[in-house]
Amino acid sequence: MSNEIQKFQDPGLPEHVHRKTDVDPKAADRAERQVSILFVLSALSTALAIYAYVFISDEIFFFLPIMGDTNAHQLFLGLGMAFSLLFIGLGLVHWAKNLMPDTEVIAERHEFRSPDEDRADFVRTVKEQAGAAGLGRRSLIKRTLGLALGASALTPIVLLRDLGPLPGKELEKTSWKTGTRLVTDPGDRPIRPEDLEVGAVAQVLPELEPGKVRHLYDIAKDAVLLIRLRPSEFQLDAERLSWTYDGIIAFSKICSHMGCAVALYEQQTKHLLCPCHQSTFDVTRAAKVIFGPAARPLPQLAITVDSDGNLVAQRPFNEPVGPSFWERSS
Amino acid sequence: MKKAERIGGNVASYVDDRTGAAKWLRKNLTKVFPDHWSFMLGEIVLYSFVILLLSGTFLTFWFDPSQREVVYEGSYEPLQDIKMSAAYASALHISFDVRGGLLMRQIHHWSALLFMAGMIAHLMRVFFTGAFRKPREANWLIGVGLVTLGIVEGFLGYSLPDDLLSGTGVRIAEAIIQALPVVGSYLAFFAFGGAFPGEAFIPRIYTVHVLLLPAAFLALITIHLMLVWYQKHTQYPGPGRTEKNVVGYPLMPIYMAKAGGFFFIVFGVTALLGALASINPIWLYGPYNPGQVSAGSQPDFYMGWLDGLVRMFPPLESYVLGYTISWNILIPGLIIPGILFTLMALYPFIESWMTGDKSEHHLLDRPRNNPNRTAIGAMSLSFVLVTLINGGNDLLATHFDLTINQIMWFSRIGVIVIPPLVFVITKRICLSLQRADREKVLHGRETGRLVMLPHGEFVEIHEELTPAEKFTLTQHLQPKALVVPDTDANGVKNPQGIKGKIRARFSQAHVEQIPAPTESEAKALGSGHH
């Protein structure tokens with residue numbers, strides 16, 4: 001035996017195997033009929049879609065297993081359209097697979113690299129032409145052109161300036177002021193401590209000044225959650241305790257992580273949970289983060305009652321609400 | 001047949017009289033494409049794109065991309081007399097008061113999901129078979145660009161209806177912009193025309209969604225296809241298939257019929273989904289209000305892994321000289337995805353650097369025959385899969401009676417531990433499959449037929465493979481590892497430095513293979529008595 005290693009040889013393309021439709025004219029005729037039937041079914045499906053569009057009322061609902069209550073108009077319009085397309089596709093593929101030639105063809109492939117001669121010529125041309133333009137020598141032109149191109153890109157950026165106002169201190173302010181009354185959302189009614197039972201939660205907003213309208217961008221900063229616990233359940237320092245009123249504590253509802261509404265309150269554990277990224281805040285400890293990606297507690301709003309017995313803010317929030325931003329100082 | 005031929009001849013002459021393209025057209029109409037089911041994944045993406053253009057155009061006839069406040073007066077009773085944006089109201093109008101509107105909305109959303117899923121599957125096919133190798137690096141880059149744009153386009157698309165769910169997604173996007181160091185709050189105010197949510201964002205992303213990005217897709221897809229056409233399609237190895245040819249069927253008529261038919265099938269399946277499977281029922285969520293949110297808020301799947309990363313990241317924030325850096329947003333939201341996509345885009349160049357392979361490849365690899373690459377791919381997928389699982393942690397918790405904490409800790413540890421494990425296991429599996437191939441070639445296929453020999457011994461009959469099968473299982477390349485010379489010609493020690501050493505180490509890992517059996521070995525073993 002020789003020591004030369006011999007790999008398994010390529011036996012070449014396997015011989016073409018005739019299909020039934022190639023050899024039996026009857027089978028070919030049958031395939032033709034099958035294709036035609038598929039196309040006819042497609043046309044019938046289109047008729048179903050048009051019938052559903054015009055004649056089936058969109059008020060008819062009926063029950064289907066798995067799908068539940070189903071709208072007849074929507075269902076038959078959709079099915080008609082779907083099958084009219086599907087049958088065309090199936091017909092075409094059936095036609096191609098059974099009646100069109102199925103002999104594999106070999107096409108040659110050529111290496112992309114040009115012959116060395118052409119390559120060298122090309123490289124030489126590029127070098128010569130670049131040299132003729134003086135790209136290598138005239139560096140002043142190169143540099144000033146670079147400057148001009150770079151500078152011209154500034155115009156479109158500058159033009160985008162008026163997309164919006166500068167943020168200024170906007171992200172740090174809310175509508176809450178000293179003495180602002182808390183009003184229910186929805187309803188805009190003032191709220192009194194006795195309206196909230198122990199264990200209850202309410203969403204409130206600052207009362208609107210007369211003649212003002214409430215915008216969504218106000219709500220995005222002003223939304224506050226009121227929660228009432230037994231005063232003994234708090235584990236707060238004296239200052240934070242003085243921000244509560246008779247067991248009622250108020251937090252910004254806008255998550256300190258990415259700004260979703262922190263809407264899930266678990267009464268048993270007294271945890272607030274943000275449904276977006278599951279940051280969890282402990283209500284009894286001034287919304288301290290106990291789980292999840294949020295890095296800061298929810299800002300607490302100091303509240304008290306006014307002379308009419310309505311809940312009011314003692315003063316504005318002492319820190320920006322919502323997600324972090326570069327200029328935020330803590 | 002006579003008549004058809006005459007018409008065909010007339011059409012061909014008509015075209016050639018006016019373009020002189022007879023030669024070019026003849027060559028291209030009979031262009032050969034290889035046949036394999038996995039080559040249809042990219043087709044699905046192309047057809048979904050066409051479906052998206054058609055269904056999307058239909059939706060624009062009624063959609064009003066405005067955040068101006070209106071009072072809903074349409075036929076969906078639970079939301080009547082409620083204040084909402086014109087965008088949401090018109091999306092409801094399309095769903096309830098335009099016949100076929102809901103169907104088209106659902107077709108549009110389903111085909112968007114199919115578009116993304118198809119792209120990811122196509123990308124995996126190209127990766128695991130090594131189709132990205134020279135000369136197709138540019139098409140790989142375009143593909144990575146398309147996936148990236150697809151994620152953005154999908155996000156903008158489902159943000160348009162301005163419902164409570166999508167508004168929450170936009171809020172999160174705003175928080176990511178706002179978290180950028182130095183320029184964050186400025187960019188956020190520019191993007192939203194002031195404080196979030198403002199009234200400018202939906203109209204602006206509408207232009208991007210229906211004009212800017214579709215134009216970019218169209219341009220990139222065109223180049224992508226022109227390159228496929230010009231460079232000719234890759235093919236799987238097999239008898240008669242070489243680096244120098246393409247074996248398959250001609251475009252006309254086979255692929256015209258097959259691909260055309262497949263377009264109708266994809267459209268039909270999408271329409272079937274639109275008719276039967278409800279998706280994004282915006283009327284159940286209500287209009288967006290920044291003070292509200294719904295439980296179980298979930299993005300579409302191609303955003304889910306990003307959301308999962310954000311969910312699992314520890315609460316890190318730095319306060320430096322009175323400024324805030326939110327690592328808990330920047331790292332999972334921008335830095336990690338940025339690194340992943342950059343590595344993915346550069347992979348063809350990284351692999352060619354590791355292996356030192358600069359030659360053209362038109363024959364695809366079977367994934368098992370390139371264990372290192374397959375393991376890298378599986379590792380990356382497992383990373384994304386863990387983050388995707390965490391992106392649905394709230395739903396998993398409620399469906400499988402787990403706690404969020406359990407899933408979160410599983411993901412936090414898993415995202416670090418599982419990918420390396422998957423790498424090692426995948427590589428071992430690939431090598432074992434190579435061993436199995438080797439066995440099969442040398443000893444034949446196990447038939448399960450036991451025969452008792454005259455002296456009482458039982459043997460299993462092994463069936464010898466056909467020459468075609470033997471060739472297919474042994475034709476793959478078995479490159480050698482790069483060797484770093486200890487000293488160069490001038491006697492300088494380790495001339496390539498540490499870089500050369502690292503490269504040699506990578507190259508060594510990359511060529512790890514079971515030697516393919518050869519005819520000589522088979523002959524040495526004799527035939528069939530094992």
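**Reading the interface of chains A and B**

Mentor: Let us begin with one pair, keeping in mind that this is a predicted model: E104(A) forms a salt bridge with R241(B), and their closest N and O atoms are 3.1 Å apart.

Trainee: How many salt bridges does the rule find across the interface of chain A and chain B?

Mentor: The rule asks for a side-chain nitrogen of Lys or Arg within 4 Å of a carboxyl oxygen of Asp or Glu, and across this interface it finds two salt bridges. Polar contacts are counted separately, and there the rule finds 28 residue pairs, both residues being at pLDDT 80 or more.

Trainee: Which element supplies the largest share of the side of chain A that touches chain B?

Mentor: That share comes from α3(A), with 18 residues. Sorted by residue kind, the side of chain A that touches chain B divides into 53 nonpolar, 18 polar and 17 charged residues.

Trainee: How many residues of each chain are in contact, and what area is buried between chain A and chain B?

Mentor: Contact joins 88 residues of chain A with 114 residues of chain B, while the area buried between the two chains is about 8,600 Å², with carbon and sulfur atoms giving 66% of that area. Within chain A, the residues that lose the most area to chain B are F8(A), R109(A) and W326(A), which together account for 13% of what that side buries.

Trainee: Which strand of chain B is joined to β3(A), and how do the two run?

Mentor: Strand pairing is read from bridges, and here four of them join β3(A) to β4 of chain B, residues 245-250, with the two strands running antiparallel. To find the place in the structure, look for V105(A), which stands opposite G248(B) in β4(B).

Conventions
Residues numbered from 1 in each chain as written. Chains lettered and ligands numbered in written order. Predicted model: local features only at pLDDT ≥ 70, side-chain atom pairs only at ≥ 80, totals over all residues. Heavy atoms only, no water. Contact = heavy atoms within 4.5 Å. Buried area = accessible area lost by both parts, 1.4 Å probe. Polar contact = N/O pair within 3.5 Å; in protein donor to acceptor, adjacent residues only side chain to side chain. Helix = DSSP H or I, 4+ residues; strand = E, 2+ residues; numbered from the N terminus. Nonpolar A, V, L, I, M, F, W, Y, C, P; charged D, E, K, R; others polar. Pairing = 2+ DSSP bridges.
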